[in-house]
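Subject: Structure for your review, with notes

Dear colleague,

Please find the structure below, with the sequence alongside.

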Amino acid sequence: QHFRVLGLTFTNKAANEMVERLEDVPEIAERAFIGTLHSFCTEVLANRGKSVGVNGLPNIFDSYQDRKQALQDAVNSHPDLKRELNSELDAKKRSKRLDRWLKEIGEHKNNLVLPEMVEDERFQRLYAEYNDQLRASHALDFDDLLLRTYRLFEERPKIASFYRRQYRYICIDEAQDLNEAQYRVLCALCGADYFNVMMVGDPKQAIFMWNGAHPKYLDLFERDFHA
């Protein structure tokens, strides 16, 4: 068993730069996993995701248009939701409403909120129908990769333990870009006693706060990991 480093970041561009900088290191592919958190979650789910409904490599809807079409199909398959959407007579307004709903579903997933945890019954139904539509296409959206991996590590602690043994050290770059789901996935992976984690982040660069990112996770990391 090679000793392995888990090197994670949040954009493909940053991950590719990390890979390029390390390509002269002997046997780097055996010694380290370098990639985005999403690509790590994809690998975990492909190999171990059966208990959270993922069989083999998931079909990932990473394009916005694919996700929006899945939501449109979900709405069309439910008479009440279809009626509500079609009450907007203007096509542009209908499209905007779908955008708003999709954004809201993404926010729920980024906060690890499942449909059954949503109080608003109408929105709970919309969110569940959207997930059913993804399932019918054997697909996950980008936010599902984190949500399912979090559930997997929480519900199957032995799987989290397997990855802790596989990766002796975890290094996270651009950590000011962490959001709730990403931070909780890391906490679930590490469990209560694993502290071999190094984060590099600059709160001053947290200007975009895209996708629920927040520099507060740097402070939480210091607290939770005694960093």
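The notes below go from the whole chain to single residues.

This is a predicted model, in which local features need pLDDT of at least 70 and side-chain atom pairs count only at pLDDT 80 or more, while totals for chains, interfaces and linings use all residues. Residues are numbered from 1 along each chain as its sequence is written, and side-chain values use heavy atoms, with hydrogens and water left out.

The whole chain

The protein chain has 11 helices and six strands, where helices (H or I, at least four residues) and strands (E, at least two) are DSSP runs numbered from the N terminus. Its C-alpha atoms fill a box of roughly 60 × 40 × 35 Å along the principal axes. A compact globule of 227 residues would have a radius of gyration near 17 Å, and the 19 Å of the protein chain agrees with that; the radius is taken over C-alpha atoms, and the globule rule is 2.2 Å times the number of residues to the power 0.38.

Of the 227 residues, 44% count as buried, a term that means under 20% relative accessible area, with exposed being over 50% and partly exposed in between (1.4 Å probe, protein chains only). The protein chain exposes about 12,700 Å², of which carbon and sulfur atoms supply 49%; accessible areas come from the Shrake-Rupley method with a 1.4 Å probe, and for residues only the protein chains shown count as cover. Among the contacts (heavy atoms within 4.5 Å) with a separation of 6 or more, 73% are between residues 24 or more positions apart.

A helix pair

Two packed helices are described by the angle between their axes and the distance between the axes. Helix α5 (residues 79–86) and helix α7 (residues 121–136) pack at about 105 degrees, with their axes 10 Å apart; the axes are lines fitted to C-alpha atoms, for helices over the stretch in contact, and angles run from 0 to 180 degrees between N-to-C directions. That makes α5 roughly perpendicular to α7, since angles of 65 to 115 degrees carry that name, those under 35 being roughly parallel, those over 145 roughly antiparallel and the rest oblique. Asp-80, Leu-81 and Glu-84 of α5 meet Arg-122, Arg-125, Leu-126 and Glu-129 of α7.

Buried residues and their contacts

Ala-74 is found in helix α4 (residues 64–76) and is buried at 0% relative accessibility.

Two positive phi values

Most residues other than glycine have a negative phi. Glu-27, in the loop between α1 (12–22) and α2 (28–31), has a positive phi near 50 degrees. Leu-112, in the loop between α6 (91–110) and α7, has a positive phi near 60 degrees and is buried, with a relative accessible area of 7%.
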